[in-house]
Amino acid sequence: MNLRLIFIILFFGNNLFSQSVNKDDFNRLVDYCACNIAYSYTSQFAAKNLDSKENKSFEESISPAIENCDIKNPISFIELSELLQNNNYESFGSEELVIINDLKKEFNTSFTNDEAVKSIINGIYTNKNLKKIIDAYSGLKDLKERLRSELNDFLFDETSIKEQSNEIEANRDEIYSSNSQTPIKKQSLIWPSLILFSLVIILLVYFYSRFNKRIKKLTDSHANVNDKLNEVREIVFDVPKNTDKSSSENFRSNHYDNEILKLDDQIFKLKNKIDDLEQKKELVKEDNTDKKEVVFELNTKKADSLESQIYYATKPTQKGEFLNSSLSENEKNSKCYILTLISENQASFEFFNFEDSVLKATNSPERFIYPACNPTESLNQYAKKIITIKNGKAEKREDKWIVTEKADIAYE
C-alpha cells in the first residue's frame with residue numbers, strides 16, 4: 001500500500017512539471033501570435049504611410065477587428081487572412097501569415113508546456129522570411145518576450161492543473177479498486193469512514209444546539225422590543241395604563257383640537273409671507289438696474305463653469321488633433337486623454353491613466369503617444385502607468401483641437 005501511495009505522489013509531481021499540451025491549445029496559441037504580429041506590423045506600416053490607402057484600411061477595418069485579440073478566443077487564420085487581403089495587405093496576408101500558420105504542423109503530442117512555447121516563438125523569430133520584416137519593424141522585436149510570457153501564463157493556468165488532478169483521482173480509484181478483493185484492505189477502509197461519519201454527527205448536534213440558543217435569544221429580544229414599543233406609545237400620547245375607553249377618546253379629541261389650532265396659526269403666518277413676497281415681486285419688476293446685475297452675475301458664473309469643463313478624448317490623429325466627435329464629458333471607457341478647458345478656444349491636456357489605455361498606448365505608441373506627447377525616456381511596454389510630467393496645450397479650430405505644445409511623459 002505504501003509503495004502505491006509513493007507511486008501516486010511521484011506521478012502527480014511528474015505531471016505537474018511536465019504537463020503535455022493538447023492540439024487545440026497549441027493551435028489557439030499560434031493564432032494568437034499571428035493576430036498580435038499582424039496588428040503590430042500593420043499599425044507600424046500605416047504610421048509610416050499616413051496618406052496611403054493602407055493607413056485608411058487599418059483605421060477603418062483592421063484595427064477595430066484585431067486590436068484587442070483574446071488569447072482564449074483569438075481570430076482564426078482564415079478570418080485574419082481574409083481581413084488583411086481584403087484591406088490592402090495582400091502580401092502579408094498570403095505569404096508571411098501562412099508561414100506562421102504552418103507552425104501548427106509542428107505540434108507533437110509529447111510537447112510539454114515549455115517545449116510548446118519554445119516551438120512557436122522560435123518558429124516565428126528564426127524563420128528567414130519573417131526575419132526580414134521583424135528586423136525592419138522594431139515593434140515586432142519588442143513583441144517577442146511579451147508573447148512568450150503570455151503563452152506561458154495561459155498554459156500554466158488553473159484549468160490545466162485541475163484536469164491533471166482529475167486524472168490522478170481516476171488512477172487512485174483504480175488502485176483502490178484493484179485492492180478491494182483483499183479482506184485486510186476492506187477493513188482498513190471501513191475505519192476512516194466510521195470516523196468521518198461520527199465527526200459529521202457531532203458537528204450536526206453542535207450546530208443544532210447553537211441554532212436553538214440563537215432562536216431563543218432572538219425570541220426574547222423580540223418580546224423586549226414589543227414591551228419598549230408599548231412604553232413609548234404611552235409616553236407619546238400621555239395616556240395612563242389603566243384609563244378607560246371614554247377618557248382615552250376625550251384625550252384624543254382634545255389633542256386633535258390643539259393640532260387644528262396650531263395648523264390655523266401656521267396658515268395665517270404663511271399668508272403673511274405670501275403678501276410680503278408679492279410686494280417684493282413688484283419691486284423687482286420696477287428695478288431694471290437690478291436685473292442687469294443679475295444677468296451679469298449669471299454670465300460670470302457661466303464663464304467660471306466653462307473654465308472648469310473637462311472632456312475625455314480618444315487617441316489623437318497622426319497629425320496631432322483631437323476630433324470633437326471623440327470627446328465626451330462623462331464616458332471614460334476607451335479614452336486616453338483628459339482635456340481641461342482654459343477658455344472657449346484654449347485647453348490643456350494630459351494622459352488618462354486607465355489600465356486599458358496604458359496597454360493600448362505602449363502596444364502602439366506611434367498612434368497613441370507620439371502625436372501628442374514627448375516621452376522623457378525610452379518605451380517601456382511593461383509599464384503600468386504613464387505619468388504626465390508637463391501638461392500639453394491645444395487650440396480649438398473648427399471641429400477639432402490642434403496640439404500646439406506636446407505633453408512631457410514618463411513610464412512607471
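**Exercise 1. State how the contacts and the surface of this predicted model are made up.**

Solution. Take the contacts in the protein with a separation of 6 or more: 67% of them join residues 24 or more positions apart. Next, take burial: of the 412 residues, 31% are buried, where buried means under 20% relative accessible area. The secondary structure consists of 14 helices and nine strands.

**Exercise 2. Check the length of helix α5 (residues 90-101) and find which residues of α5 are buried.**

Solution. Step one is the span. Step two is burial. The buried residues of α5 are F92, G93, E96, L97, I100 and N101. Step three is their placement: viewed down the axis of α5, they fall within an arc of 145°, so they line one face of the helix. Step four is the cover, which includes α2 (23-48), α4 (77-85), α6 (113-125) and α7 (128-136).

**Exercise 3. Work out the strand order of the open sheet that contains β5, and describe how β5 pairs with β9.**

Solution. Begin with the order: three strands run β5-β9-β6 in an open sheet with mixed pairing. The edge strands, β5 (373-375) and β6 (386-390), each pair on one side only. Neighbouring strands are turned by 40° against each other on average, direction ignored. Then take the pair: β5 and β9 (residues 407-411) run in the parallel sense over three bridges. In this pairing, P375 stands opposite I409 in β9.

Note on methods. Residues numbered from 1 in each chain as written. Predicted model: local features only at pLDDT ≥ 70, side-chain atom pairs only at ≥ 80, totals over all residues. Heavy atoms only, no water. Pairing = 2+ DSSP bridges. Helix = DSSP H or I, 4+ residues; strand = E, 2+ residues; numbered from the N terminus. Axes fitted to C-alpha atoms, helices over the stretch in contact; angles between N-to-C directions. Buried < 20%, exposed > 50% of the residue type's maximum accessible area, 1.4 Å probe, protein only. Contact = heavy atoms within 4.5 Å. Expected span 1.5 Å × (residues − 1). Arc of directions from axis to C-beta.
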